[in-house]
Amino acid sequence: MDLLQQTAWHGDPNGNTLLLDLSKGMFDALGGRKGSLLSLLRPSIVSKVWQSSASGFPGTLEGDGMTLGGVLLVSKDGIAFEHLESEFGDRADPEDVVQAARELVSVP
């Protein structure tokens, strides 16, 4: 968390804050789940791994590689953006995430 704050998050004048759910409590409440070893053998997943590696993103074997991830942007008014992986490699569209984040910080 300290490294993230030092390198990527510096806050902003409006007091917006980045929170990480290290305990995974929110993840569990949103129905977060884990994939299975068998699902890693699906052709669509093998293809995503192959494409990622060929693009220069080989990945690592560090951490909990079985957790299906997601993105949640929340404001005082509720959820502004939500994406939960349905399978490995099912990522949120970065442009959608950036647009939702911009809308959050531009709201008075």
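Helix H4, residues 94-106, has 13 residues and should span 18 Å at 1.5 Å a residue, and the 18 Å between its end C-alpha atoms agrees with this. The expected span is 1.5 Å times one less than the number of residues in the helix. The model is predicted: local features need pLDDT of at least 70, side-chain atom pairs count only at pLDDT 80 or more, and totals for chains, interfaces and linings use all residues. Residues are numbered from 1 along each chain as its sequence is written, and side-chain values use heavy atoms, with hydrogens and water left out.

**Overall make-up**

- The protein chain has four helices and two strands; helices (H or I, at least four residues) and strands (E, at least two) are DSSP runs, numbered from the N terminus.
- Read from the N terminus, the elements follow the order α-α-α-β-β-α.
- The protein chain has 108 residues, and 13% of them count as buried; buried means under 20% relative accessible area, exposed means over 50%, and partly exposed lies in between (1.4 Å probe, protein chains only).
- The accessible surface of the protein chain is about 8400 Å², and carbon and sulfur atoms account for 59% of that surface; such areas come from the Shrake-Rupley method with a 1.4 Å probe, and for residues only the protein chains shown count as cover.
- Of the contacts between residues at least 6 apart in sequence, 51% join residues at least 24 apart; a contact means heavy atoms within 4.5 Å.

**Helix ends**

- Asp93 caps the N-terminal end of H4, with a side-chain oxygen 2.8 Å from the backbone nitrogen of Glu95; a polar contact is a pair of N or O atoms within 3.5 Å, where within protein one must be able to donate a hydrogen and the other to accept it, and residues adjacent in sequence count only if both atoms are side-chain atoms.
- H3 consists of twelve residues and reaches 16 Å from its first C-alpha to its last, close to the 16 Å expected at 1.5 Å a residue.
- Gly56 follows H3 and has a positive phi, near 95°.

**Salt bridges around Glu87**

- The count of salt bridges is two; a salt bridge is a side-chain nitrogen of Lys or Arg within 4 Å of a carboxyl oxygen of Asp or Glu.
- Another joins the side chains of Glu87 and Lys48, at 3.0 Å from N to O. Here Glu87, in the loop between S2 and H4, is paired with Lys48 in helix H3, 39 residues apart.
- Glu87 is buried, because its relative accessible area is 18%. Arg42 counts as partly exposed at 39%, and Lys48 counts as partly exposed at 28%.

**Two serines in the loop between H2 and H3**

- Ser36 lies in the loop between helix H2 (25-29) and helix H3 (43-54), and it is partly exposed, with a relative accessible area of 35%.
- The C-alpha atoms of Ser36 and Glu87 are 9.6 Å apart, although the two residues are 51 places apart along the chain.
- Ser36 contacts Met66 and Phe88, leaving aside neighbours within four places in sequence.
- Ser39 is found in the loop between H2 and H3, and it is buried, with a relative accessible area of 17%.
- Ser39 contacts Ile45 and Phe88, again leaving aside neighbours within four places in sequence.

- His83 is in strand S2 and counts as buried at 17% relative accessibility.
- A polar atom of the His83 side chain lies 2.8 Å from the backbone oxygen of Asp90, and a polar atom of that side chain lies 3.3 Å from the backbone nitrogen of Ala92.
- Not counting residues up to four places away in sequence, His83 touches Gly69, Gly70, Val71, Asp90, Arg91 and Ala92.
- The largest nonpolar core has five residues, Leu73, Phe81, Ala92, Val97 and Ala100; a nonpolar core is a set of buried Ala, Val, Leu, Ile, Met, Phe, Trp, Tyr and Cys residues joined through side-chain atoms within 4.5 Å.
- Val97 touches Val71, Leu73, Phe81 and Ala92, not counting residues up to four places away in sequence.
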